[in-house]
Amino acid sequence: MLRIRYFEDRVGELVEAGQVKTPCHLYIGQEAIATGVCAALEREDYVWGAHRSHGHYLAKGGDMQAMMAEIHGKSTGCSRGRGGSMHLIAPEVGILGTVPLVAATIPLAVGAALASKMRADHRVSVSFFGDGATEEGHFHESMNLAALNQLPVIFVCENNQYASHMNLLERRAKDNICESARAHGMPGYRVDGNDAIAVFSAACEAVERARAGQGPTLLECRTFRWRGHVGPSWDLDVGVKRKDELRQWLVCDPITRISSVLVQRGVLPEALHQVEEDARAEAEEAVEFARLSPLADPAEMRKYVFASDAEVI
Amino acid sequence: MRTLKYSQAIREAHVQLLGSDPRVFVMGQGLWSPWYVGTTMADCDKEFGRDRILDSPVSENATTGAAIGAALAGMRPIVVHPRMDFMLLAVDPIVNQAANWSHVFGGQARVPLVIRAIINRGGEQGAQHSQALQAMFMHVPGLKVVMPSTPYDAKGLLIAAVYDGNPVMYIDDRWLYEDTGGVPAEMYRVPIGEAAVRRAGRDVTVVATSVMAPRALEAAATLARQGIDVEVIDLRSIKPWDKSCVLASVRKTHALIVADAAWETCGVAAEIVATVAVEAFDALQAPAVRVCLPDAPAATSSVLEKEYYIGAADIVLAAEKLIARKEKTWLTRSLSLTRENTIEA
């Protein structure tokens, strides 16, 4: 969680300084969800994300330096300078892709789960998406397809209350995302998304169901987006309501919460401090790596439009 | 070589792919029905099981997205859209996802997916049961588009598409399903991007797609009786398309007709004519002609349908006018040459 927080703090600063241009949607305040869910997964399991996916990438084990380089448009980036902040991939740890088209990877996650079921390889496929994505047809079609075929997929809705500048209740009649699960014939749970342990427990149960061939689960993780829809600003211009909400949510900082639990359970504050220092240093090293890396080569602009090597039968 | 129907050749390709590669599966609407996709999937579910032949919910978007996800996870899916019209509900996964994935991730992911899009039209079916939308998908970087017109190509292009390593849209027109032709029993691939010269000729090149290829051959037979010698090129792949084959032919015949049974504006024919104008302008002795559908939705009433759809007669008419124009150009150029020679003398 600290790695995500400090990475994003640095990204925010770089955006403000004009050193990063690609649109960056910060995950600050939501770290418990990616962390809790990914802690319940194995390296081989699949993870799919969206526009706000720095946290998913890091929690699943993606290389921090490669992501920072990607955000800088460098050839050493995880997508070789073609993707920026919104197209992240790390196939070696099961991150098969994050893309900004809202809800787009939900059916892809279902398809990967279908592949797992066909091969009986016991992999689980996790789809991370925001509350806005539940308003797309992709979400409902995918839930139905997954439930119908009892696929090993977990739908993780990170309900941070806002789709861009629009509050949830300005976009739907009821605050009832979780109930979609029942409509589609699968269990659904509303989880405190700022409580890493609660998220982890819910994810473990969902993973267990998936691996046992009992089908999909929907987790609605309630949280709050601290920063603006895009970029590091606090986004207080979108209404008084948001300002009041933010005040309440800032005191529920998921990192403060997990830290106090750890201290209560006997972890020494010095040890936590060391973790913090390491996370800061790692973020700094990533920035340095990105700075020193060469930019993507303009001569290779068209290089990856098509995969070039067809298979031999 | 055995003779098979176009629809049988498609089925045989599916059967052999499913039988030889456990990564291949087929998903889409109507696959368990004996008639929904013609007979092209008849009893495949019985032969390979309903966990590999998935008749899907009415969810074009999720089905196509799931096929992409499965492809990214190492499978070789074929997603079937029994009507191209309905496939428009899956444009996000096709255009934003399948086509982009290799590029946006710097070549670290690929989508070895076949999107089978069936054109099903005529018979008073009307606007939303008729569309041929190849041009829309030809426009998109990262997608390949093939349109076989013979049973041989129907089989060979499907197999090539599954193993291409890229998202390939495979478009079959049900007007071709009863056509017959030689099809080898073994598995083989027809290279994507290669056109076929179906008939060699000197006077005019007719580049045809899909169902217009056999119509072009009929037209060529009629025109031959009038002494007009037509070269017929079956494009087979719409993207990438065989530029060198078309350009070489136009440099030989000096006249071009493109026949594509889809809308004219920004269509396949427009792209080919534009390319020839850019790269072989000097070779043309008359303006190129497009034989396409009018820019209108298909109507249902049979008299309106008859007015709307195109066939061999339209190519014949276009060729006659084009040849007249070409001869006039030739005559004018010869006369002016003679005059110049006379003056110089």
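Predicted model: local features only at pLDDT ≥ 70, side-chain atom pairs only at ≥ 80, totals over all residues.
Let's start with B:Arg116, which sits in strand β6 of chain B, spanning residues 114-119. With a relative accessibility of 0%, B:Arg116 counts as buried because the cut-off for that is under 20%.

The side chain of B:Arg116 has polar partners. One polar contact, of 2.9 Å, runs to the side chain of B:Thr40, and another, at 3.0 Å, goes to the side chain of B:Asp172. Leaving aside residues up to four places away in sequence, B:Arg116 also touches B:Ile10, B:His14, B:Val37 and B:Tyr177, among others.

## Where chain B meets chain A

Now for the interface. Here 45 residues of chain B are in contact with 43 residues of chain A. The two chains bury about 3,600 Å² between them, with 64% of that on carbon and sulfur atoms. On the chain B side, B:His103, B:Phe105 and B:Gln108 together supply 16% of the area buried against chain A, more than any other three residues.

As for polar links, there are 12 residue pairs in polar contact between chain B and chain A, both residues at pLDDT 80 or more, but zero salt bridges.

## What chain B brings to the contact

Four elements of chain B each give two or more residues to the side that touches chain A: β2 (24-28), α3 (60-72), α5 (91-98) and α6 (101-104). The biggest giver is α3(B), with 10 residues. Sorted by class, this side of chain B has 20 nonpolar, 16 polar and nine charged residues.

Note on methods
Residues numbered from 1 in each chain as written. Chains lettered and ligands numbered in written order. Heavy atoms only, no water. Buried < 20%, exposed > 50% of the residue type's maximum accessible area, 1.4 Å probe, protein only. Polar contact = N/O pair within 3.5 Å; in protein donor to acceptor, adjacent residues only side chain to side chain. Contact = heavy atoms within 4.5 Å. Buried area = accessible area lost by both parts, 1.4 Å probe. Salt bridge = Lys/Arg side-chain N within 4 Å of Asp/Glu carboxyl O. Nonpolar A, V, L, I, M, F, W, Y, C, P; charged D, E, K, R; others polar.
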